[in-house]
Amino acid sequence: MQMRLAADWTPWRCESPLGGKRPTKTDVAHAAHSGLGREDVLPYPADRLSAGMLRLLIVGINPSPWTAAVNAPFARPGNRFWTSLALAGVLDRKVDASRGLAAVDERMLAERGLGITNMVERTSARADELTTEELRAGGARLVERVRILRPRAVGVLGVTAYRVAFSQPRATLGLQTDTPPEGWPEDVQLWVLPNPSGLNAHETAGSLALKWEDVWHASA
């Protein structure tokens, strides 16, 4: 699926506040306590304008301090997100988001029909620092947004967070077919995939790529 963008389409997201520099420890520490998150990656800044334009909406748990520092998803070196997408053929090439997301990468994502958001906006070093209330509120917001965006598929990255957010303690990885969240659109596939963080020792870029291949082919 190659999305046809308007002739006058241009990336709308803000550039990294660090101007393309690699974050220092001070920058990362500041981002962790700044209250800032990061902007979503969507074809247009409003959900209603991006409606029907996504093949796959990818949902991270919440921004890391590095991600917040450069306003780019899955930016911390060691995170296997971008590598696994490239290995799976979801992307034409690997993206390096460690210093921010380049305009050419934003266009590629839009043309591929990919959107990226978070369950929770608050920045933290680890997803397990989030509260149950934050995750459940984030899950409810996600359902509302999916009803507007209408992607072909949604991939939530992190089975533990998914279980808490949607009160489904027995949920497993893969396509969710038995008990989708209340209000979930019937025509939108819901997948749960592993967290690609380097802290997840159970997965490699190669094993993550195999799971992305399943999602990508199913959403064609």
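Close-up 1. Glu111 is partly exposed, at 23% relative accessible area (buried means under 20%, exposed over 50%, partly exposed in between; 1.4 Å probe, protein chains only). Arg107 is partly exposed too, at 30%. The two form a salt bridge, with closest N and O atoms 3.5 Å apart (a side-chain nitrogen of Lys or Arg within 4 Å of a carboxyl oxygen of Asp or Glu). Both lie in α5, four residues apart, about one turn of the helix. Helices are DSSP runs of H or I, at least four residues, and strands are runs of E, at least two, numbered from the N terminus. The model is predicted: local features need pLDDT of at least 70, side-chain atom pairs 80 or more, while totals for chains, interfaces and linings use all residues. Residues are numbered from 1 along each chain as its sequence is written, and side-chain values use heavy atoms, without hydrogens or water.

**Close-up 2. Arg13 reaches Glu106 of α5.** Their closest N and O atoms are 3.9 Å apart in a salt bridge. Arg13 lies in the segment before α1 (25–33) and Glu106 in α5, so the pair ties together parts 93 residues apart in sequence. Arg13 is buried at 6% relative accessibility. Glu106 is buried at 7%.

**Close-up 3. The buried residues of α5 (103–111).** These are Asp105, Glu106, Met108, Leu109 and Ala110. Their cover includes α4 (81–88) and β2 (114–118). Gly113 follows α5, with a positive phi near 75 degrees.

**Close-up 4. Asp128 and Arg126 form a salt bridge.** The closest N and O atoms are 3.2 Å apart. Asp128 is exposed at 57%; Arg126 is partly exposed at 41%.

How values were computed. Contact = heavy atoms within 4.5 Å.
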